[in-house]
Amino acid sequence: MGDQSRFVTLRGGERVPALGQGTWHMGEDRRRAAEEASALRLGIELGMTLIDTAEMYGSGAAEEVVARAADGVRDKLFIVSKVYPHNASRTSVIAACERSLKRLATDRIDLYLLHWRGSIPLAETLEGFQRLRRDGKIRYYGVSNFDRGDMAEWTALDGGDTVAADQVLYNLDRRGPEWDLVPWCREHSIAIMAYTPLGTGGMLRNPALAEVARRHGATPAQIALAWLLRQEGTIVIPKASRLEHVRENRGALDAALAAEDLAAIDRAFAPPKGKTSLGML
Ligand SMILES: NC(=O)c1ccc[n+]([C@@H]2O[C@H](COP(=O)([O-])OP(=O)(O)OC[C@H]3O[C@@H](n4cnc5c(N)ncnc54)[C@H](OP(=O)(O)O)[C@@H]3O)[C@@H](O)[C@H]2O)c1
């Protein structure tokens with residue numbers, strides 16, 4: 001696999017790992033927190049040093065799991081967290097970020113995202129983000145669940161063109177973003193973060209995916225991740241709390257898909273034929 005599949009270059013030139021780790025549902029059961037932190041820690045050791053979390057996950061407890069995993073290795077990590085839309089006013093976003101920093105036991109969040117669009121004007125959130133960046137509390141900011149039209153609105157704001165990423169539902173079964181959002185973001189040097197990359201329902205049980213996996217001596221999950229990883233500018237954040245899943249997901253970086261595989265995948269999971277509204281979980 002080429003370098004382009006292993007790293008994504010953010011606006012400004014910093015390179016981050018294309019394969020990271022998600023944390024949704026971590027921290028919800030305190031008895032599992034040690035196991036979840038160990039899974040993240042293994043992922044870090046395997047190079048998946050970009051970790052995605054949110055103040056929403058486990059009502060803050062996922063950020064605490066990330067802090068456990070980050071203990072002693074914080075400087076190697078690129079931590080992404082998200083603010084609730086109702087906490088995204090120009091003043092409350094500062095307080096929300098401070099709470100996240102405390103739970104994460106760190107002095108800065110590498111990338112801070114608006115989790116989805118709410119009723120607070122985008123300009124206010126942007127102002128808050130800019131202040132947080134000036135104060136060194138966050139290094140980059142971005143958005144999540146923003147479709148092409150929302151992106152156009154955000155980037156038209158004064159300073160809005162510095163948005164680093166848009167995190168969206170994007171996997172083999174949900175290829176809608178390819179129609180206009182992905183190309184538009186690529187053109188504007190905005191990274192796409194593909195969430196729920198392993199899909200929901202029976203996606204991984206698709207026979208065509210199984211056949212591609214068989215050809216590569218890989219698993220369907222690895223092929224689903226490899227397919228996203230080969231797309232330029234796309235960060236992929238599978239969540240795994242089981243060690244075997246973490247190892248398997250890391251293996252996705254070793255699967256190089258050929259034209260024949262891509263054609264089989266396109267037949268089984270058709271690319272979009274027009275605009276569909278952005279899905280959200
Ligand atoms: N911005 C947003 O609105 C938004 C929405 C959804 C998700 N996200 C982010 O994206 C991350 C990933 O999405 P997600 O957690 O919804 O879904 P996902 O990563 O696609 O799937 C997670 C599920 O797949 C299992 N799994 C992991 N590796 C596997 C493998 N190799 N083979 C089979 N199953 C495997 C996990 O099990 P175990 O945990 O038991 O290992 C877990 O049940 C989230 O954790 C979160 O950080 C963001």
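I'll begin with helix 5 and helix 6, whose crossing is right-handed. Please keep in mind throughout that this is a predicted model. Helix 5 covers residues 122-134 and helix 6 covers residues 148-156. Their axes lie 10 Å apart, and the packing angle is about 60°.

Which residues in helix 5 meet helix 6? They are Leu122, Thr125, Leu126 and Phe129, and on the helix 6 side the partners are Asp150, Glu153 and Trp154.

Next, helix 2 and helix 3. Helix 2 runs over residues 33-45 and helix 3 over residues 61-70. Their axes come within 8 Å and cross at roughly 55°. Helix 2 and helix 3 are therefore oblique to each other as well, and their crossing is right-handed.

From helix 2, the residues in this contact are Ala33, Ala34, Glu36, Ala37, Leu40, Arg41 and Ile44. From helix 3, they are Val65, Val66, Arg68, Ala69 and Ala70. How many polar residues does the contact of helix 2 with helix 3 have? It has no polar residues, with nine nonpolar and three charged.

Helix 3 also packs with helix 4, which is made of residues 92-104. Here the axes come within 7 Å, and the crossing angle is roughly 40°. That makes helix 3 oblique to helix 4. Glu63, Glu64, Val66 and Ala67 in helix 3 meet Ser100, Arg103 and Leu104 in helix 4. The classes in this contact are three nonpolar, one polar and three charged. If you look back at the lists, Val66 of helix 3 is in the contact with helix 2 and also in the contact with helix 4.

The largest pocket has a volume of about 620 Å³. Its lining has 31 residues, and those nearest its centre are Trp24, Thr196, Pro197, Pro238 and Lys239. By class, the pocket lining has 14 nonpolar residues, 13 polar and four charged.

How many cavities of 30 Å³ or more does a search of the whole structure find? The search finds one. The space in the largest cavity is about 50 Å³. Its lining residues are Gly20, Gln21, Gly22, Met48, Pro238, Lys239, Ala240, Val246 and Asn249. Four of these are nonpolar, four are polar and one is charged.

One last thing to find on the screen: Pro238 and Lys239 are among the residues nearest the centre of the largest pocket, and Pro238 and Lys239 also line the largest cavity.

Technical notes. Residues are numbered from 1 along each chain as its sequence is written. This is a predicted model: local features need pLDDT of at least 70, side-chain atom pairs count only at pLDDT 80 or more; totals for chains, interfaces and linings use all residues. Side-chain values use heavy atoms; hydrogens and water are left out. On a 1 Å grid over the protein atoms alone, a cavity is a set of points where a 1.4 Å probe fits but cannot get out, and a pocket is an open set with protein on both sides within 12 Å along at least five of seven lines; lining residues have an atom within 4 Å of a point. Grid points are joined across faces, edges and corners, and a volume is the space filled by probe spheres set on the points. Ala, Val, Leu, Ile, Met, Phe, Trp, Tyr, Cys and Pro count as nonpolar, Asp, Glu, Lys and Arg as charged, and the others, Gly among them, as polar. Axes are lines fitted to C-alpha atoms, for helices over the stretch in contact, and angles run from 0 to 180 degrees between N-to-C directions. Helices (H or I, at least four residues) and strands (E, at least two) are DSSP runs, numbered from the N terminus. A crossing is left-handed if the near helix is turned anticlockwise from the far one by less than a right angle, and right-handed if clockwise. Contact means heavy atoms within 4.5 Å. Angles under 35 degrees count as roughly parallel, over 145 as roughly antiparallel, 65 to 115 as roughly perpendicular and the rest as oblique.
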